[in-house]
Amino acid sequence: MEAEGQSQNTIKRISRKAMEGFNMIPYHLGNEDSEEEAIILNRRNGNYNSKDATLCYTLPIHGYGAPNNKLFLTQRVNNVADISDLEFCNKHDIDNTGLVCQWPSEDVLAYFCFSHADLFRSKRVIELGSGYGLVGLVIAAVTDATEVIISDGNPQVVNYIEHNIDANSKAFGATKVKSMM
């Protein structure tokens, strides 16, 4: 009985976001109607991890570099915790916060960045601990930054960042965008 109680305590300590966000940047799940359909589609197509979904963010401004003002981010489906991810993090003494979810603060920071695009003009920008990279991708797509480096301390998360950079590369214009661990 005690082992079961310890297991429940461990589950409660897994990082989860507390809310859906502020919806400052509207998004929807790719072309799918539900997260479950996204998982089925990914399995059928052999794409990425079966726990992934692609979100389409629509930037609420017009006339900037993003085609149709859309960015696509592949990330984990909400509420999917995988013990192998936690084992990997423990083995390499890194945290899993970037892999867990899209944090509401990213929405707010991304909105601030494109609302103040002039702050980034001709600048080199590095986003530290970016998670899936929403803020860095927004900066790369809607400002005239010279270079944007999107980083995270978890190599699994950096793989997502690299995929998301590739998926949105046409939106960046002359801005150089790369990932870094």
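Let's count salt bridges. In this predicted model, the total comes to three.

Take Asp144 and Arg121. Their side chains meet in a salt bridge, with N to O at 3.8 Å. Where do Asp144 and Arg121 lie? Asp144 sits in the loop between helix 6 and strand 5. Arg121 sits in the loop between helix 5 and strand 4, residues 124–127. The two parts are 23 residues apart in sequence, so this pair ties them together. Arg121 is partly exposed, at 45% relative accessibility.

Next, Glu147 and Arg124. Here the side chains meet at 2.9 Å, N to O. Again, distant parts of the chain are linked: Glu147 is in strand 5, Arg124 is in strand 4, and they are 23 residues apart.

Now look at how covered these two residues are. Is Glu147 buried or exposed? Glu147 has a relative accessible area of 10%. The cut-off for buried is under 20%, so Glu147 is buried. Arg124 has a relative accessible area of 65%. Exposed means over 50%, so Arg124 is exposed.

Glu147 has another partner. Lys178 forms a salt bridge with Glu147, and the closest N and O atoms are 3.6 Å apart. Lys178 belongs to strand 6, residues 176–180, while Glu147 belongs to strand 5; they are 31 residues apart. Lys178 is partly exposed, at 42% relative accessibility.

On to the inside. In soluble globular proteins, nonpolar side chains tend to be buried together. The largest nonpolar core here has 34 residues. Which of them touch the most other members? They are Leu71, Val138, Ile139 and Phe172. Several elements supply at least two residues each, among them strand 2 (52–58), strand 3 (70–76) and helix 7 (155–167). Helix 6, residues 134–142, is on that list too. Helix 6 gives the largest share, eight residues.

Zoom in on Val138. Leave aside its neighbours within four places in sequence. Val138 is then in contact with Leu59, Leu71, Ala110, Phe114 and Thr143. Note Leu71: like Val138, it is one of the core residues that touch the most other members.

Last stop, the surface. Leu109, Phe112 and Leu119 make a nonpolar patch of about 270 Å². Phe112 is in helix 5, residues 104–115. Its relative accessible area is 39%, so Phe112 is partly exposed. Helix 5 also supplies at least two residues of the core.

Notes
Residues are numbered from 1 along each chain as its sequence is written. This is a predicted model: local features need pLDDT of at least 70, side-chain atom pairs count only at pLDDT 80 or more; totals for chains, interfaces and linings use all residues. Side-chain values use heavy atoms; hydrogens and water are left out. Patches are made of residues with over 30% relative accessible area and no salt bridge: like charges are joined within 9 Å, nonpolar side chains (Val, Leu, Ile, Met, Phe, Trp, Tyr) within 5 Å. Accessible areas come from the Shrake-Rupley method with a 1.4 Å probe; for residues, only the protein chains shown count as cover. A salt bridge is a side-chain nitrogen of Lys or Arg within 4 Å of a carboxyl oxygen of Asp or Glu. Helices (H or I, at least four residues) and strands (E, at least two) are DSSP runs, numbered from the N terminus. Buried means under 20% relative accessible area, exposed over 50%, partly exposed in between (1.4 Å probe, protein chains only). A nonpolar core is a set of buried Ala, Val, Leu, Ile, Met, Phe, Trp, Tyr and Cys residues joined through side-chain atoms within 4.5 Å. Contact means heavy atoms within 4.5 Å.
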